[in-house]
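Trainee: Please take me closely through one part of this model, the site around its ligands. I would like one connected account.

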Amino acid sequence: MFTNAPSKALNFFEFPSLLLTMSSGDRRDAAAATGEVKNGIVSGELSQRQLQPAGVVAPNQNQRLRLNPNKDHKPESYEDLQLDFSPSIFSSLERYLPPTMLGANRDEKVKFMREILLKYLPQGERTRALRHREYRQKIISNYQPLHRELYTMHPANFFVAPFLKAIGDNTEDSFRSIISEPSPGVFTFEMLQPRFCELVLAEVESFEKWVNESNFRIMRPNTMNKYGAVLDDFGLETMLDKLMESFIRPLSKVFFLEVGGSTLDSHHGFVVEYGKDRDVDLGFHVDDSEVTLNVCLGKQFTGGELFFRGTRCEKHVNTGSQAEEIFDYSHVPGRAVLHRGRHRHGARATTSGHRVNLLLWCRSSVFREMKRYQKDFSNWCGECFREKKERQRLSIAATKSELLRRDAESTT
Ligand SMILES: O=C(O)CCC(=O)C(=O)O
Ligand SMILES: [Fe+2]
């Protein structure tokens with residue numbers, strides 16, 4: 001059993017101390033650590049690190065952040081910049097800037113804040129973060145997008161009408177009216193318009209053509225796919241963040257509350273590709289996510305079914321499956337599957353044609369932090385649940401036999 005992880009986890013940083021000072025909506029990449037990658041397997045646990053206390057001094061500048069935010073200051077938007085931390089972290093941190101910095105131009109503020117943020121990362125990760133930033137910048141400044149309309153969220157152009165209506169109504173009933181749950185914890189629904197799927201396919205093809213022509217070496221989406229591309233790396237991060245916040249988080253709040261569904265705050269967005277000259281199948285694994293959105297974009301193919309085998313915590317990840325946990329799903333273009341990241345799954349061989357799927361691994365830094373202090377995950381791990389039920393059964397049986405024994409004693 002593998003944990004499928006980003007091939008190089010450069011943009012997701014462990015950042016617990018800052019996490020305590022930020023509003024929940026802003027706890028993004030900073031705290032979504034992905035664990036250590038060893039031979040393609042991720043340890044999954046956030047490691048404890050010594051972090052500097054709040055009030056750090058930025059390198060070469062003797063200016064301290066304010067202890068309390070300036071609530072009257074309206075922060076700038078950093079959404080249009082390709083940064084190694086989420087734009088909203090910059091907007092959030094801006095209120096803590098020393099008064100002399102508040103009037104500085106945006107570039108100066110970004111530089112100041114980046115230096116502070118980078119101080120929270122250990123040296124190895126800092127170097128990797130810088131390299132990833134350079135990598136992204138190289139792509140963004142050289143790759144000319146084919147369909148610019150994909151790079152900002154246009155719900156009416158992206159999604160099918162029933163999906164939009166259900167999200168707009170924002171009730172469990174409205175969600176259930178468009179969603180089916182063919183197996184516990186696996187939700188499927190019509191989501192993307194065919195034209196949107198075509199545009200994304202064309203954009204990915206155009207990006208790959210540019211990669212080949214320019215001999216650019218790209219990072220693959222994760223440790224298990226040799227093909228595919230990270231959408232966040234070539235400019236789609238902001239759009240995908242909106243997708244998570246406005247469309248996936250409302251659903252996850254209802255269906256995956258117990259794994260941080262209401263606090264999803266960072267994502268890893270990519271496409272996987274299967275078929276001739278591409279990946280064939282995908283081994284049994286869990287995702288490095290709390291909630292995974294997997295939507296088929298096309299094209300024409302046979303095979304490629306997803307197989308599910310129940311949700312497990314780290315301790316139980318290799319335990320057997322119960323009959324009711326075994327489920328196969330056949331992809332249909334435009335149709336989404338939503339499941340917990342810890343729901344064990346894999347993809348069967350795509351036997352003909354070309355299959356491309358869009359994946360959005362959604363993470364909750366709050367959930368990851370809380371998980372460190374818990375041992376019993378019976379509210380979402382099938383095996384913890386089974387063990388708990390068994391303990392209860394044994395305890396009831398023991399109580400019953402004790403009562404019977406006392407009863408027998410009193411009647412003799
Ligand atoms: O090929 C698929 O549909 C599954 C992809 C997947 O599970 C993943 O990338 O984590
Ligand atoms: Fe997966």
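Mentor: Start with Tyr274: a side-chain N or O atom of Tyr274 lies 2.6 Å from an oxygen atom of ligand 1. That is a polar contact, meaning a pair of N or O atoms within 3.5 Å; within protein, one atom must be able to donate a hydrogen and the other to accept it, and residues adjacent in sequence count only if both atoms are side-chain atoms. Asp287 makes another, with 3.0 Å between a side-chain N or O atom and a ligand 1 oxygen. For His285 the corresponding distance is 3.2 Å. Taken alone, ligand 1 exposes 300 Å², and the protein buries 100% of that (Shrake-Rupley areas, 1.4 Å probe).

A word on the basis. This is a predicted model, where local features need pLDDT of at least 70 and side-chain atom pairs count only at pLDDT 80 or more, while totals for chains, interfaces and linings use all residues. Residues are numbered from 1 along each chain as its sequence is written, chains are lettered from A and ligands numbered from 1 in the order in which they are written, and side-chain values use heavy atoms, without hydrogens and water.

Ligand 1 sits in the second largest cavity. A cavity is a set of points, on a 1 Å grid over the protein atoms alone, where a 1.4 Å probe fits but cannot get out. To sit there, more than half of a molecule's atoms must lie within 2 Å of the grid points. Strands S7 (266–275), S8 (282–287), S14 (343–347) and S15 (350–363) are the elements that each give two or more residues to the shell. Strands here are DSSP runs (E, at least two residues) numbered from the N terminus. S15 supplies the largest share, 4 residues.

There are 17 residues around ligand 1, and Tyr274, Asp287, Asn294, His331 and Arg355 come nearest. Near means a heavy atom within 4 Å. By class, the shell holds 8 nonpolar, 7 polar and 2 charged residues. Ala, Val, Leu, Ile, Met, Phe, Trp, Tyr, Cys and Pro count as nonpolar, Asp, Glu, Lys and Arg as charged, and the others, Gly among them, as polar.

His285 and Asp287 return at the metal. With His345, they coordinate the iron ion (ligand 2) through NE2, OD and NE2 of His285, Asp287 and His345 respectively, at 2.1 to 2.2 Å. Donors are N, O and S atoms within 2.8 Å of the metal (3.2 Å for Na, K and Ca); water is not among the atoms, so sites may look incomplete. The donor spacing is H-x1-D-x57-H. His285 in strand S8 and His345 in strand S14 are 60 residues apart, a pair that links distant parts of the chain.

Key. On a 1 Å grid over the protein atoms alone, a cavity is a set of points where a 1.4 Å probe fits but cannot get out, and a pocket is an open set with protein on both sides within 12 Å along at least five of seven lines; lining residues have an atom within 4 Å of a point.
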